[in-house]
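Here are some comments to read beside the structure. They are numbered so that each can be checked on its own.

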Amino acid sequence: MWPRLRSVCSGSRTICRRGAALSKRPKLTANANVTHFTQSAALCAPTSSALQYRQHGDPSQVVKLEDIDLPPIGAKDVLVKILAAPINPSDINMIQGTYAILPDLPAVGGNEGVAQVLEVGSLVKSLKTGDWVIPRDAGLGMWRTEAVFSEDDVISLPNDIPLLSAATLGVNPCTAFRMLSDFEDLKPGDTVIQNAANSGVGQAVIQIAAARGVNTINVVRDRPEFTQLSYRLKAIGATHVIKEEALRRPEFKELLKTFPKPKLALNGVGGKSATELLRHLQIGGSMVTYGGMAKQPVTVPVSALIFKDVKVRGFWVTQWKRDHSKDERAFRAMVDELCSLIQQGKLTAPACTEVGLRDFSKALEASMKPFTSAKQVLII
Ligand SMILES: NC(=O)c1ccc[n+]([C@@H]2O[C@H](COP(=O)([O-])OP(=O)(O)OC[C@H]3O[C@@H](n4cnc5c(N)ncnc54)[C@H](OP(=O)(O)O)[C@@H]3O)[C@@H](O)[C@H]2O)c1
């Protein structure tokens, strides 16, 4: 049953063997990390190298690369090798202890990533060796070399899409896809306005909207490389790229006259930036808040409610996945459509910086720096 994992059972561990003395692995719940098991002192288990934290705090202080035991592969489990996993703001917030859901400690970081199936349990039906899989829910802990997951905790992907696209598919493109699908009936020629347009979510919004013929007005913070950033976002389909400061200028009002006013505003920032988006919505339009990077509340002008009857909504992809966990077709349909866009070259991964697992400290620090415009991805 146990594979010969060279990277796992290395050095003195090559003499380790699994034994009956290992206690049964507790069931892996959707948002729990693999739990440790006890074993007789004479035996040692295969292990995985993992970026683990034992307490909440500053990620660069509390996250450590540690060996953790791999549990036995149950009949409905799969053993996977993690291939690549990004560092997202929600991963950082989880480690800091400020996110809406927190795994039990110690916990392995990383809510997103792609893994390859190395071995399947005897009752596994939907997966086979070699398949690529991504988590169905947050909290699996993808920053590790290998893991044993329940078959139900992952969903397969075609393994002919680029690795970085697969590693970054499960959170941001799914969020963008749902926000563009579930709040307003967007038709070709309609307009969406968004802030944090250079974020992972923002880049997915640009591309999915472009594939549907929907215009995007993309707001970013000013920076010395604004021109290059604007060029890059336009190259993936952005209709317009605007500095936050320019939203109040007369030129922007003139620009807005050239296409329909936005039906949908997507807010990943909060504070003044969100209020600015609201000002440009058409009557009856929706603003969907999915992130709060500025850590400032959203202020809704009374006039936007009275005279424009705007709808102020929120979205959390984790909740959507949990609400649809019994409806296999809903998640599968979205993943298939996103993979099809990737295969057609219409949806690419966000700009990424690839980092080895051992360089995780550098990657964690870089992921928290402003104006980087690139997602840190651990290549494992
Ligand atoms: N609700 C959901 O289901 C859901 C799903 C996915 C992501 N999210 C949230 O969406 C947000 C973006 O996630 P991501 O993975 O796409 O991010 P990302 O790729 O890491 O990019 C971060 C973005 O935030 C911007 N930013 C950072 N600090 C800012 C500030 N103080 N004011 C304005 N903008 C700021 C950055 O702009 P600069 O380049 O100017 O620094 C960049 O555009 C996060 O809050 C994340 O938690 C929510």
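Predicted model: local features only at pLDDT ≥ 70, side-chain atom pairs only at ≥ 80, totals over all residues.

1. Pairing of strand S3. With S5 (residues 114-120), S3 forms six bridges, and the two strands are antiparallel. With S7 (residues 146-150), S3 forms five bridges, again in the antiparallel sense. S3 is also joined to strand S16 (residues 375-379) by three bridges, and these two run antiparallel. Here Ala85 has Leu378 of S16 as its bridge partner.

2. A three-stranded sheet. Strands S2, S1 and S4 make an open sheet in the order S2-S1-S4, with antiparallel pairing. The edge strands are S2 (63-69) and S4 (107-108), each of which pairs on one side only. Seven bridges link S1 (residues 47-53) to S2 in the antiparallel sense. Within that pairing, Leu51 has Leu65 of S2 as its bridge partner.

3. Gly170. This residue sits in the loop between helix H3 (163-167) and helix H4 (172-182). Why does Gly170 count as buried? A residue is buried if 20 or more other C-beta atoms lie within 10 Å of its own. Gly170 has 29 C-beta neighbours inside 10 Å, and therefore counts as buried.

4. Contacts of Gly170. Which residues does Gly170 touch, leaving aside its neighbours within four places in sequence? Its contacts are Glu112, Ile134 and Pro135. The C-alpha atoms of Gly170 and Gly113 are separated by 7.5 Å, although the two residues are 57 residues apart along the chain.

5. The ligand shell. How many residues surround the ligand? There are 26, and the closest are Ser199, Gly200, Gly291, Met293 and Val317. By class, the shell has 13 nonpolar, eleven polar and two charged residues.

6. Where the shell comes from. Helix H2 (89-96), H4 and helix H5 (200-211) each supply at least two residues of the shell around the ligand. In terms of domains, at least three shell residues come from domain 1 (11-168 + 349-379) and at least three from domain 2 (172-318).

Terms used: Residues numbered from 1 in each chain as written. Helix = DSSP H or I, 4+ residues; strand = E, 2+ residues; numbered from the N terminus. Buried ≥ 20, exposed ≤ 12 C-beta atoms within 10 Å, placed from the backbone. Contact = placed C-beta atoms within 7 Å. Near = placed C-beta within 6 Å. Nonpolar A, V, L, I, M, F, W, Y, C, P; charged D, E, K, R; others polar. Domains from an automatic or database assignment. Pairing = 2+ DSSP bridges.
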